[in-house]
Amino acid sequence: MFQVAPRHSSGLLILAAVVAVALSACGSSPSPSATPTSADTSEPSASAEASSSAASLDGAGTALSNLTSYKFTMTVVGGDLSDNTLSTLPNAPASGIFKVSGTYLLAPSEAADITVASTFHEISVGGIDYQDAGLTGSFTEDDTGATVLVDQLSPTSVYTSFDFSGSFNTVGDESKDGVDTTHLQAGDSALAEFATVSGVQAGAWTADVWLANQGGYPVAMTIVGTTSTTDKTVVYERTFDLTNVNSTTNQVTAPTNISGA
């Protein structure tokens, strides 16, 4: 359950210690009696900062998978997950815009409670999946352990389906979802990679990630493809925000209203 999907070209799958976020490389300060050299006083090069940022971004997926629990909200538009999976759910929105929310418990045991708004509710706990297709209020029980949708919709799976080795620029320190973060924004090479991974033709792309200053996990991510830079019609979107990270109040319980029980 909650297996992290490998990166792929179609963007279908969207769930370890972590290095501290390092966004620049600074030389050691000279002693008071030392004469500064060019190495002592130089600013980090753009390439050094990009390399450091890429390493932090790439390791953030592992940091995310090592959290004990969190709540999340997510938006999914376009790509195989939206077009071939979520769109087949009962009462799927005709707009193709899927709002997802829920809770993931990762340790000491795994569990999840996710809702695709107005469409689908799934609870996975104790090795059993409970599904309410169409939000009827009644669940069916499946003990085969087939938590495919839970895995695909985990922020870890969404995040690790992308390659973050391309160029990113540091925007600065920001508070995001109540967490002190470093905001990073994709450059041209990273945007080109996201366009390839998504499998969606779009006229313009933007991508932003907010990494927690403590822990290095992605507090939020926004990757959006629009038809052009002018009309801004969204044809692809993967966004998520995490809250209640590692909170002891995060709980997942099995439903009591089970069909046939």
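**Exercise 1.** Find the residue with a positive phi in the hairpin of strand 4 and strand 5.

*Solution.* Start with the term: strands are DSSP runs of E, at least two residues, numbered from the N terminus. Next, locate the pair: strand 4 covers residues 120-125 and strand 5 covers residues 128-133. Two residues lie between these strands. Gly 126 has the positive phi, near 65°. The model is predicted, so local features need pLDDT of at least 70, side-chain atom pairs count only at pLDDT 80 or more, and totals for chains, interfaces and linings use all residues. Residues are numbered from 1 along each chain as its sequence is written, and side-chain values use heavy atoms, without hydrogens and water.

**Exercise 2.** Work out how strand 5 pairs with strand 4 and with strand 6.

*Solution.* Pairing requires at least two bridges found by DSSP. Strands 4 and 5 are antiparallel, with six bridges. Here Ser 124 faces Asp 129 of strand 5. Strand 6 spans residues 140-142 and is joined to strand 5, again antiparallel, by three bridges. Tyr 130 has Glu 141 of strand 6 as its bridge partner. This second hairpin has six residues between its strands, and Gly 134 in the turn has a positive phi of about 95°.

**Exercise 3.** Name the residues that touch the most other members of the largest nonpolar core.

*Solution.* A nonpolar core is a set of buried Ala, Val, Leu, Ile, Met, Phe, Trp, Tyr and Cys residues joined through side-chain atoms within 4.5 Å. Buried means under 20% relative accessible area, with a 1.4 Å probe and protein chains only. The largest core has 47 residues, and the answer is Leu 153 and Phe 194. Strand 9 (residues 204-212) gives the most to this core: five residues.

Definitions and conventions:
Helix = DSSP H or I, 4+ residues; strand = E, 2+ residues; numbered from the N terminus. Buried < 20%, exposed > 50% of the residue type's maximum accessible area, 1.4 Å probe, protein only.
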